[in-house]
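User: I'm new to this structure and would like a close look at one part of it. Could you walk me through the salt bridges and what surrounds them?

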Amino acid sequence: MVDVSSYFDYIQTFFVRPSSVNSAPEIMLSSLNLYFKAKPTLENNASGSSDPGVTIWLCEVQTNNPVPNQIVKRSVIHLSYDRINTSQNATIATSFNWQNPIRVKTGRKYGIVIKYDDQIGRAHV
């Protein structure tokens with residue numbers, strides 16, 4: 001189990017406009033693509049972990065403020081650094097795929113929380 005409570009590095013909010021999905025009350029998210037500029041090696045990292053990487057999750061947003069500890073059920077994904085693609089110009093995606101699609105309501109804001117095991121990695125969001 002990955003610890004998502006202690007800190008996070010970045011949050012990007014998003015909004016699903018109901019009119020853009022035929023007024024559906026909810027949608028299912030199956031994956032998320034992020035673009036990384038750099039990453040440490042598995043052997044040369046500051047985390048002390050034997051499987052360092054990047055963890056993402058979806059969180060609730062209240063009064064336009066993301067609440068990172070209000071995690072959307074089953075939305076946490078961890079990828080080790082050997083599965084992270086990097087590029088200087090944001091042309092190579094790293095896909096974070098949920099085992100089961102994540103249900104989110106339309107007409108609401110959500111946050112995508114990004115947590116690095118090391119401070120070297122940076123995403124182009």
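Analyst: Happy to! The structure holds two salt bridges, a salt bridge being a side-chain nitrogen of Lys or Arg within 4 Å of a carboxyl oxygen of Asp or Glu. This is a predicted model, where local features need pLDDT of at least 70 and side-chain atom pairs count only at pLDDT 80 or more, while totals for chains, interfaces and linings use all residues. Residues are numbered from 1 along each chain as its sequence is written, and side-chain values use heavy atoms, leaving out hydrogens and water.

Arg 103 belongs to strand E6 (residues 94-105) and Glu 26 to strand E2 (residues 26-38), so the pair ties together parts 77 residues apart in sequence. Strands here are DSSP runs of at least two residues, numbered from the N terminus. Glu 26 is partly exposed, with a relative accessible area of 32%; partly exposed lies between buried (under 20%) and exposed (over 50%), using a 1.4 Å probe and protein chains only.

The other bridge joins the side chains of Glu 60 and Arg 108 at 2.4 Å, N to O. Glu 60 sits in strand E3 (residues 53-62) and Arg 108 in the loop between E6 and strand E7 (109-116), so this pair ties together parts that are 48 residues apart in sequence. Arg 108 is partly exposed too, at 30% relative accessibility.

Terms used:
Helix = DSSP H or I, 4+ residues; strand = E, 2+ residues; numbered from the N terminus.
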